[in-house]
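Thank you for making time this morning.

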There are 2 protein chains.
Amino acid sequence: MTTSLAEENYLKIIYRLCEGTKEDISTNSIAELTNNKAASVTDMLQKLAEKGWVTYQKYQGVRLTKIGESIALSIIRKHRLWEVFLVEKLGYNWDEVHEIAEQLEHIESETLINKLDSFLDFPKIDPHGDPIPSQEGEIPELGYLHLSEVKLNETCTLMGVAKDSAVFLQLLTKLNLSLGARLEVVEINTFDRSVSLKIAEEKPIFISYEVAKNILVKI
Amino acid sequence: MTTSLAEENYLKIIYRLCEGTKEDISTNSIAELTNNKAASVTDMLQKLAEKGWVTYQKYQGVRLTKIGESIALSIIRKHRLWEVFLVEKLGYNWDEVHEIAEQLEHIESETLINKLDSFLDFPKIDPHGDPIPSQEGEIPELGYLHLSEVKLNETCTLMGVAKDSAVFLQLLTKLNLSLGARLEVVEINTFDRSVSLKIAEEKPIFISYEVAKNILVKI
DNA sequence: ATTAATTTTTAGTCTAGTCTAAAAATTAAT
DNA sequence: ATTAATTTTTAGACTAGACTAAAAATTAAT
Ligand SMILES: [Mn+2]
Ligand SMILES: [Mn+2]
Ligand SMILES: [Mn+2]
Ligand SMILES: [Mn+2]
């Protein structure tokens with residue numbers, strides 16, 4: 001069966017919301033992320049349920065079915081592979097690629113994405129450290145921690161970000177925080193949970209809890 | 001001003017029809033190429049005229065304005081650059097890329113297409129020998145002939161094709177006719193205008209007028 | 001356990017882009 | 001120059017995907 005652009009965007013967002021929790025997803029939370037009104041979301045959920053891509057009961061929320069999930073994963077795979085292409089081959093910065101990938105992820109071709117995958121040498125992660133689902137929809141669980149969870153005086157490696165927004169990524173770049181950086185937590189302020197970090201023996205930098213929460217690290 | 005996918009496809013087709021002739025373009029000819037009904041075309045022509053991209057008078061046909069033409073050329077530029085990418089970088093054959101490029105040509109980004117252009121080393125022609133418009137909308141007039149116009153015993157070089165259809169391109173491939181091939185016209189049958197060709201001293205092959213008409217050559 | 005607040009769904013409307021059927025204009029044929 | 005054939009436009013209807021306003025269901029507060 002064929003998927004429209006609108007349907008693909010809904011499935012992708014429902015996937016993101018399902019990831020966190022075992023609960024069913026609320027209409028309002030979807031409305032927020034799609035920038036649509038709740039009434040429009042209800043309409044679409046009924047269509048998606050009709051097509052067998054979500055399970056949905058009035059007032060009780062929604063979840064992806066196996067098929068719905070595999071559609072979402074194939075779009076995420078395309079999004080992330082295109083982001084790798086834009087950064088690795090065309091020389092974009094990591095904060096510039098998300099919007100373009102939002103368009104490219106909807107290009108429909110059986111062969112294209114696999115040829116692209118091969119051209120890029122089968123990358124396992126995208127420019128933001130997010131794992132790239134395989135053709136079969138396997139997505140490795142990387143088990144990263146949020147930097148905000150790291151204990152005082154521990155050292156870790158920056159593996160990814162939990163947010164794609166350009167302003168956030170530009171801030172990280174300005175602070176010299178890029179994928180692979182070695183970070184030592186030298187101070188945690190209990191008052192506002194802000195953090196001081198040493199990046200590879202340089203003099204410490206200061207980041208808010210909001211920032212630390214969106215940085216993914218490996219111990 | 002912003003262009004929808006449907007509008008872009010109409011402008012591209014009107015451009016193609018304008019290219020040939022100085023006459024205004026008929027509603028029916030557009031309907032045929034867009035695979036829409038004439039009534040739908042009339043609707044769209046009124047919208048395009050409203051936006052200033054075509055000049056249009058009821059019953060009198062349509063032409064692109066300067067702005068309309070520059071939009072069409074920017075889409076054609078994108079289409080052809082993506083075709084080069086698909087063939088040169090991803091290893092597609094020339095008969096496999098048109099449909100994918102039909103989708104990619106609508107990706108909207110100021111920077112993307114110029115970075116792609118640079119990544120591809122500023123190609124001047126696409127995999128079918130068609131010229132790639134510059135960023136400014138300049139399109140070199142290549143002055144090629146149709147193979148059907150070449151005189152008996154003359155030798156020429158295959159520079160391009162006048163048709164993108166997969167079956168046509170596959171036929172050429174099967175006949176060993178590819179870009180750059182040296183062709184000698186060794187026989188022209190006046191009855192059906194079919195042609196016999198020597199490709200680089202090999203034994204002659206036979207092609208119909210229909211095929212010869214869609215092969216572009218340089219003497 | 002009622003009432004109040006919140007969330008979700010329904011009902012009805014809108015736009016873009018398509019269609020069919022019928023009317024109007026143009027072009028071709030007598 | 002009429003008439004006939006063809007082309008083009010209008011009129012009215014449909015679908016996808018959005019919206020607003022109002023009704024219904026759920027959840028929270030007394
Ligand atoms: Mn992204
Ligand atoms: Mn990413
Ligand atoms: Mn093409
Ligand atoms: Mn081409």
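Which residues are the protein donors of the manganese ion (ligand 1), and at what distances do they lie from it? Before I answer, please keep in mind that what you see is a predicted model. In this model the donors are A:H79 through NE2, A:E83 through OE, A:H98 through ND1 and A:D164 through OD, and they lie 2.0 to 2.3 Å from the manganese ion (ligand 1). If you follow these donor residues along the sequence, their spacing reads H-x3-E-x14-H-x65-D.

A:E83 sits in helix α4 of chain A, residues 66–88, while A:D164 belongs to the loop between β4 (155–161) and α7 (166–174) of chain A, so the pair ties together parts that are 81 residues apart in sequence.

The manganese ion (ligand 2) is coordinated by A:E83 (OE), A:D126 (OD) and A:H128 (ND1), at 2.2 to 2.4 Å. Along the chain, the donors of the manganese ion (ligand 2) follow the spacing E-x42-D-x1-H. Are A:D126 and A:H128 buried or exposed? Both of them are buried.

Now please turn to chain B. Here the manganese ion (ligand 3) has B:H79 (NE2), B:E83 (OE), B:H98 (ND1) and B:D164 (OD) as its protein donors, at 2.1 to 2.3 Å, and in sequence these donor residues are spaced H-x3-E-x14-H-x65-D. B:E83 is the bridge between the manganese ion (ligand 3) and the manganese ion (ligand 4), and those two ions lie 3.5 Å apart. Because B:E83 lies in helix α4 (residues 66–88) of chain B and B:D164 in the loop between β4 (155–161) and α7 (166–174) of chain B, the pair ties together parts that are 81 residues apart in sequence. B:E83 counts as buried, at 0% relative accessibility, and B:D164 is partly exposed, with a relative accessible area of 22%.

B:D121, found in the loop between α6 (112–119) and β3 (145–146) of chain B, has a positive phi of about 65 degrees although it is not a glycine, and at 64% relative accessibility B:D121 counts as exposed. B:N153, in the loop between β3 and β4 of chain B, is likewise not a glycine and has a positive phi of about 70 degrees; its relative accessible area is 51%, so B:N153 is exposed.

Finally, let us go back to chain A and its helices. The axes of helix α2 (residues 27–34) and helix α3 (residues 38–50) of chain A come within 9 Å and cross at roughly 105 degrees, and α2(A) and α3(A) are therefore roughly perpendicular to each other. Their contact is made by A:T27, A:N28, A:I30, A:A31 and A:T34 from α2(A), together with A:A38, A:V41, A:T42 and A:L45 from α3(A). The residues of this contact divide into five nonpolar, four polar and no charged.

Conventions: Residues are numbered from 1 along each chain as its sequence is written. Chains are lettered from A and ligands numbered from 1 in the order in which they are written. This is a predicted model: local features need pLDDT of at least 70, side-chain atom pairs count only at pLDDT 80 or more; totals for chains, interfaces and linings use all residues. Side-chain values use heavy atoms; hydrogens and water are left out. Donors are N, O and S atoms within 2.8 Å of the metal (3.2 Å for Na, K and Ca); water is not among the atoms, so sites may look incomplete. Buried means under 20% relative accessible area, exposed over 50%, partly exposed in between (1.4 Å probe, protein chains only). Axes are lines fitted to C-alpha atoms, for helices over the stretch in contact, and angles run from 0 to 180 degrees between N-to-C directions. Helices (H or I, at least four residues) and strands (E, at least two) are DSSP runs, numbered from the N terminus. Angles under 35 degrees count as roughly parallel, over 145 as roughly antiparallel, 65 to 115 as roughly perpendicular and the rest as oblique. Contact means heavy atoms within 4.5 Å. Ala, Val, Leu, Ile, Met, Phe, Trp, Tyr, Cys and Pro count as nonpolar, Asp, Glu, Lys and Arg as charged, and the others, Gly among them, as polar.
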